[in-house]
Amino acid sequence: MNYYSLNKKAANTTFADAVVRGLAPDKGLYFPESITPLDPSFFETIEDKSNTEIAFEAIKQFILPEIPEDVLKTIVEETLNFDFPVVEINEHISTLELFHGPTMAFKDVGARFMARCLGYFNKTNTNDVTVLVATSGDTGGAVANGFLGVNGVNVVILYPSGKVSDIQEKQLTTLGQNITALEVDGVFDDCQDMVKRAFMDKELTSKMQLTSANSINIARWLPQLFYFMFTYKQLKSKHKDIAFSVPSGNFGNICAGMVAQKLGLPVKHFIASNNANDTVVNYMISQTYNPKPSVQTISNAMDVGNPSNFIRIQELHNNDFDTLKSNLSSYSFSDEETKAALLEIYKEHNYIADPHGAVGYLGAKKYLENNDAHVVFLETAHPTKFLDVVEDVIEKTVPLPSQIKAVMDKEKVSIKASSYEDLKAFLLK
Ligand SMILES: N[C@@H](CCOP(=O)(O)O)C(=O)O
């Protein structure tokens, strides 16, 4: 499979090259040249397949033969060695728990998958690769964990100082080895802009191979389509019309769900559930894309003012607003509404959500006001990653899982960076 740049000014390229570059030379995001629907029998018999069989069948057209079939199977198996349960909240709403991996956030799948792809390509590539990643909370920890000790790969994580949760900060600043955390004086979008600027900096790129482990990288983005297939497997026999409410920040996850839909997955509708960072909500009303600096919220992983993947979503809908509108609704919710939802989910349904899941729950409820479907909201991270907020709202102590306990007492190590020049100086050193 070859990939083209959505800026249409760079040459098409292979999966390997797109992964190693991260971003195309014209600063565009890579996009697959074709998406061929799977045979309908795949979905008819999905309940008989294991998660790894589903994932392998769904992703192979994007990767083979550059990674051989047996290696890709192993990558998929190693990536997916934890559960993805769907939990019913009520008759009309369920949640897909995406927090059973090592860093307890949905990013684990993409990070582990990409790390293994890069590890494979590095066997024949003698040059070290530097992975730059911007995080508003969860990506950083997942990438640190997924890439720890990968041969020939150095990881530099940029995160907005004081704007990630304590646990998230521990997860991305305490591993050492080939992982370095840069604490940026700014918001997530500043971190993302610094990463994108580094890719265009000829002085840097002439001296080192840079790539990204954000969802702008196809190997981080595409595996997220698995979640939507795993949900269908679990709900197919119970519900006819399934819609997804996806807590959205950089919009990679929901966009991957739309790729699953292009592959033939029956999805009635997508709901992009946002916090106060409502760039896409406004676009869906005004048809004007007006990115703005992100504002800080209690669902911090979604504090993104200029979602990178929205351009891929438009491409998937042939850049046609009416087509997009028939498939996507987008709503925004305040922190107060999010806290009220956390409490409601706990009190009425005996379920402890995290702030991002609570935003997803609100999106599901809003959609159901005027539509019929069974809506699955994605629980993108474990509630204990946002311990202060969750315990304060539900007035209950939440037990800590082993993955969280493991980082609690480790010492944070980070380097302050207040400008692009600081990042560049660090990389050149
Ligand atoms: N929500 C992210 C921000 C970056 O998103 P990504 O999926 O493009 O890595 C985070 O938690 O860091």
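Strands here are DSSP runs of type E with at least two residues, helices are runs of H or I with at least four residues, and both are numbered from the N terminus. Two strands count as paired if DSSP finds at least two bridges between them. Strand 11 (residues 269–274) runs parallel to strand 12 and is joined to strand 12 by five bridges, with Ala272 having Ser330 in strand 12 as its bridge partner.

Residues are numbered from 1 along each chain as its sequence is written. Because the model is predicted, local features need pLDDT of at least 70 and side-chain atom pairs count only at pLDDT 80 or more, while totals for chains, interfaces and linings use all residues.

A further open sheet has five strands in the order 9-6-7-8-14, with parallel pairing. Its edge strands, strand 9 (209–212) and strand 14 (415–417), each pair on one side only. The twist from one strand to the next averages 30 degrees. Strand 8 (residues 179–184) pairs with strand 14 in the parallel sense over three bridges, and Glu183 stands opposite Lys416 in strand 14. Helix 6 packs on this sheet, where it touches strand 6 (129–134), strand 7 (153–160) and strand 8, and the direction of helix 6 makes about 165 degrees with that of strand 7.

Helix 6 (residues 138–147) includes Asn145. This residue is buried, with 23 other C-beta atoms within 10 Å; buried means 20 or more such atoms, exposed 12 or fewer, and partly exposed in between, with C-beta atoms placed from the backbone. Leaving aside neighbours within four places in sequence, Asn145 is in contact with Pro102, Thr103 and Ala111, contact meaning C-beta atoms, placed from the backbone, within 7 Å. Asn145 and Ala111 are 34 residues apart along the chain, and their C-alpha atoms are separated by 8.2 Å.

Helix 6 also gives the most to the shell around the ligand, namely three residues. The ligand is surrounded by 14 residues, the closest being Thr135, Thr139, Ser215, Asn250 and Ala301; a residue is near if its C-beta atom, placed from the backbone, lies within 6 Å.

Helix 7 (residues 166–173) has seven of its eight residues buried, so it is largely enclosed by the rest of the structure. The cover over its buried residues includes helix 6, strand 7, strand 8, helix 18 (387–394) and helix 19 (402–408). Helix 11 (residues 226–235) is mostly covered, with seven of its 10 residues buried.

Overall, the secondary structure of the protein comes to 20 helices and 14 strands. Buried residues make up 51% of the 429 residues. The C-alpha trace spans about 55 × 50 × 45 Å along its principal axes.

Terms used:
Two residues are in contact if their C-beta atoms, placed from the backbone, lie within 7 Å. Axes are lines fitted to C-alpha atoms, for helices over the stretch in contact, and angles run from 0 to 180 degrees between N-to-C directions.
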